[in-house]
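Hello,

Here is the structure I promised to pass on. Please open it alongside this message, and I will walk you through what turned up.

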Amino acid sequence: MSIIGIDLGTSNTLACVFQDGKAVLIPNKEGGYLTKSAVSVMEDGTIITGRAAKERLLTHPDRTAASYKVFMGTEREICLGQQYFKPEELSAFVLRQIKQDAEEFLQEPVEEAVISVPAYFNDNQRCATKLAAQLAGLKVSRLINEPSAAAVYYRWSDSAAEDGKLMIVDFGGGTLDVSIVDCFDNIIEILCIAGDNHLGGDDIDAAIARYFCEKNHLCREALTPEEGAVLMRQAENAKAALSESGAEKGLMKLQAGEKEYELSLDREQLAKLCEPVFKRVEKVLRRALENKKAAKGIRRVVLVGGSSKMPVFHDFLEKLMSARPVIAAEPDKIVALGAGVCAGIKERREELQDVVMTDVCPFSLGVATYNSQIDREPHMAVLIPRSSMLPVSHSSRFYTLHDGQEYLKFEFYQGEDYFVAGNLKLGELQVRVPRGTAGSQWAEVVFTYDIDGILHVSVESSGGDKRETVILNPNLHLSEEEMDKAMERINRIRLTTEAHRDQQLFVQALSLYEELGDDRRAELGRGLEIYCGARDTQDAINMRRAEEYLSELVERFQRELQEDPFEQLRGLGLEMDGEEFADE
């Protein structure tokens, strides 16, 4: 039973498996590798995912969601039709589809995955990702930081690559991650990371859309949801035209009310619109380079992620760094390929036995403390600094503040703010201490953080009272009853990758049946029989095969019907009797 690697992206989701000594991308039902991270609710309650859902963003924006990854780990709920979904539930629908695609490709059950996440995802966001996988029927054997996955594949796939330090810049649809990586022989060591979970190509699309409205004197808020969705798609297409095709201009058109508006966007204008976004990129890059030890001796800057394809982004980085960055081969697929390699490492594949990869702690971990008795706002005493290599264990001793104090209560936090109010609380423990004067009693706190992002905390007081806990996010570790209810809700909703397309396929086949001759009718009838039988069994893999078979029949027969029936008669030298057709 294979472990697969998954890149659960803001714009696209991809899967990969390590097979025959290499990372192999898993195709989806459409025959491609990029599955759109979009979910739509049909009028009959059916859930569809992928490209079909993304297309409905234009026609049914009130029933469709995309770019919801930015809300992972929050209490945000997204209304589709009359149903409300959490971001992890929407991600679960896409992951379930990926799981089905993988099972069809591998011809075996898939129950375990390595999933990549933005390096700057906090504990809530990482646990939401694990919960999404659980709801999709996948055990998460490991979460790996996206730039770390990219670095693993970039290094492992290029045997001729020189040893040295790389800066990996992962600029995606909704997130930016930067890692500094040291590569030596088969060892890939992540030295430090920085990132912004709300910065990506979507921000550039929004800037283009605002510019379109400004130039056409349109009020964005006055547009209907459908018009707004079309505008964003036009902005995305204009950006793509200026990024990938080498076109000098990107043309945008929008029908708003009874009037059509348009805009021609060139690269110079695009660069200007990108300036605020790129200033935020620069801030993240500077944060990564603040680690002088890690940054010293960087030999190459490598770009990955779909948004890294933009020439204006390359120009910005070249001007900033006085060096042209290197674009990784298949930048929008490299994270998935790296996750596939990590899945192979997890499976202990022979070809990867010599590969050693280290990772780092994305955020500082610490304890809430007070400087004195009059201190009213607790600050963060850091035990494990960010970018510490994993696994790591650090300890510190904390003393009583008051005479006669009987307990020491410890609250544990993740984050970089000086005051704990700005950080994420992970848990708490309390130990008993002997009564005494202020500062005479203490407790030793030990943090141990493993490669899978699990924090173990141990606290032992001067009086011998010892407590310990594993910090587990309550949002992930639901009670059995809560998990059963969540699974029931997910399973209750009928899921198929492209339900709307499948309905169209069935209608097309029935209509085509009427036009065909007897021989082809019999063959198409057999295809319809197989399709209906598979649909009734609700077996996902059999359904996929039946859909594929029926689709092939429909495409072939439609193509044959479109052929010119007189073509076979042309050029045969047939002659007509002129007298027979002459006017009488």
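Let me start with a question: is leucine 242 buried or exposed? With a relative accessible area of 2%, leucine 242 is buried, because buried means under 20%. Before going further, please keep in mind that this is a predicted model.

**Around leucine 242**

You will find leucine 242 in helix H6. Leaving aside residues up to four places away in sequence, leucine 242 touches Ala247, Glu248, Lys249, Gly250, Leu265, Asp266, Arg267, Leu270 and Pro311. Proline 311 is one to look at in the viewer: 69 residues separate it from leucine 242 along the chain, yet their C-alpha atoms are 8.1 Å apart.

**Helix H9**

Proline 311 also leads us to helix H9, which covers residues 311-321. Which residues of H9 are buried? They are Pro311, Val312, Phe313, His314, Phe316 and Leu317. The cover over these buried residues includes helix H6, helix H7 (267-289), and strands S12 (164-171), S17 (298-304) and S18 (326-327). Just after H9 comes serine 322, with a positive phi of about 60 degrees.

**Helices H5 and H6**

Helix H6 has another partner to show you. H5 (residues 201-215) and H6 (residues 225-244) have axes that come within 8 Å and cross at roughly 110 degrees. The two helices are therefore roughly perpendicular to each other. In passing H6, H5 makes a right-handed crossing. On the H5 side, the contact is made by Gly201, Ile204, Asp205, Ala206, Ile208, Ala209, Phe212 and Cys213, while H6 brings Leu231, Met232, Ala235, Glu236 and Lys239. Sorted by class, this contact of H5 with H6 has nine nonpolar, one polar and three charged residues.

**Salt bridges**

Now for the charged pairs. Side chains of opposite charge can pair when their charged atoms come close.

- Glutamate 103 and lysine 99 meet through their side chains in a salt bridge, at 2.8 Å from N to O. Both lie in helix H2 (residues 87-106), four residues apart, which is about one turn of the helix. An α-helix has 3.6 residues a turn, so residues three or four places apart point the same way. Both glutamate 103 and lysine 99 are buried.
- Arginine 324 and aspartate 315 form a salt bridge between their side chains, at 3.0 Å from N to O. Arginine 324 counts as partly exposed, at 45% relative accessibility, and aspartate 315 counts as partly exposed at 42%.
- Arginine 435 and glutamate 406 join their side chains in a salt bridge, at 2.8 Å from N to O. Arginine 435 lies in the loop between strand S24 (424-432) and strand S25 (442-449), and glutamate 406 in the loop between strand S22 (392-399) and strand S23 (407-414), so the pair ties together parts that are 29 residues apart in sequence. Arginine 435 is exposed, with a relative accessible area of 59%, whereas glutamate 406 is partly exposed at 32%.
- Lys309, Glu330, Asp332 and Lys333 are linked in a network of salt bridges.

Enjoy looking around, and write back with any questions.

Best wishes

Terms used. Residues numbered from 1 in each chain as written. Predicted model: local features only at pLDDT ≥ 70, side-chain atom pairs only at ≥ 80, totals over all residues. Heavy atoms only, no water. Axes fitted to C-alpha atoms, helices over the stretch in contact; angles between N-to-C directions. Parallel < 35°, antiparallel > 145°, perpendicular 65-115°, else oblique. Left-handed = near helix turned anticlockwise from the far one by under 90°. Contact = heavy atoms within 4.5 Å. Nonpolar A, V, L, I, M, F, W, Y, C, P; charged D, E, K, R; others polar. Salt bridge = Lys/Arg side-chain N within 4 Å of Asp/Glu carboxyl O. Buried < 20%, exposed > 50% of the residue type's maximum accessible area, 1.4 Å probe, protein only.
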